[in-house]
Amino acid sequence: MSKNVYSLVLMDEIVEAIDKLAYEQCTSRSGLINRILADYLSCPTPESRIRDIFSCMEEMFAGLESFQFREQPSESMVTIRSALHYRYRPTVRYLLELYRETGDYLGELRVSFRTQNRDLLELSEDFFRFWAELESEVVADRFPEGKIPCSIAPGRFIRRFLRSGDESSVTCESLARTILDYIRLFDESMKKYFADGSPDTKNKIANDYLKRLNGNDVL
């Protein structure tokens with residue numbers, strides 16, 4: 001959806017009120033005006049679709065006790081937190097960002113840990129590499145350039161999500177469900193790996209991943 005520059009003549013008091021609200025919502029003046037007009041005219045925008053996806057995800061996560069769903073100051077990001085069954089019960093943080101711009105990718109998931117425990121950081125990096133290798137073996141051929149778009153560091157994992165070919169036919173609810181299912185599978189697999197990183201556990205994780213693919217879109 002393209003954007004152009006237009007001139008508007010507005011009262012100073014209106015501009016002041018818009019600027020105040022834009023600051024509170026961490027957006028720009030033009031972005032807020034665009035959203036207000038789009039809502040009033042019932043005109044769909046990338047921003048409104050992102051809000052609808054996050055709204056659906058919030059309702060879905062509300063029924064899951066092991067996750068905490070939190071909005072961020074940026075309307076294109078949300079955070080999901082999950083506690084690990086590990087010493088001192090550290091928290092894993094999933095920061096989901098959905099892109100406003102159209103392109104090959106829908107957004108990205110950033111996974112990080114709130115810990116300085118060296119053993120946990122090393123273990124997490126081992127799991128991230130295992131997960132990346134698993135996805136590369138199974139679905140890499142469906143991505144541009146034939147590889148999974150991800151990056152790995154101690155305690156950090158970033159994975160970009162592929163955009164559906166015909167997004168107009170994909171509802172916000174189904175897309176929210178697909179993203180939620182991916183995060184749940186990642187989280188469950190990581191906890192299994194931390195509890196027992198044996199070959200049998202790795203095979204179980206791989207089988208669970210393959211089952212998820214049946215009838216589901218690849219992110």
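Me: Why does the distance between the end C-alpha atoms of helix H6 agree with its 15 residues?

Reply: A helix's expected span is 1.5 Å times one less than its number of residues. For H6 (residues 199-213) that should be 21 Å, and the end C-alpha atoms are 21 Å apart, so the two agree. Helices here are DSSP runs of H or I with at least four residues, strands are E runs of at least two, and both are numbered from the N terminus. By the way, this is a predicted model: local features need pLDDT of at least 70, side-chain atom pairs count only at pLDDT 80 or more, and totals for chains, interfaces and linings use all residues. Residues are numbered from 1 along each chain as its sequence is written, and side-chain values use heavy atoms, leaving out hydrogens and water.

Me: Which residues of H6 are buried?

Reply: Buried means under 20% relative accessible area, exposed over 50%, partly exposed in between (1.4 Å probe, protein chains only). In H6, the buried ones are Thr201, Ile205, Ala206, Tyr209, Arg212 and Leu213. They cover an arc of only 140° around the axis, so they sit on the same side of H6; that arc is taken from the directions from the helix axis to the C-beta atoms. Pro199, Asp200, Lys204 and Lys211 are exposed on the face turned away from that buried side.

Me: What covers the buried residues of H6?

Reply: Look for contacts, meaning heavy atoms within 4.5 Å. Helix H4 (118-139) and H5 are among the elements covering them.
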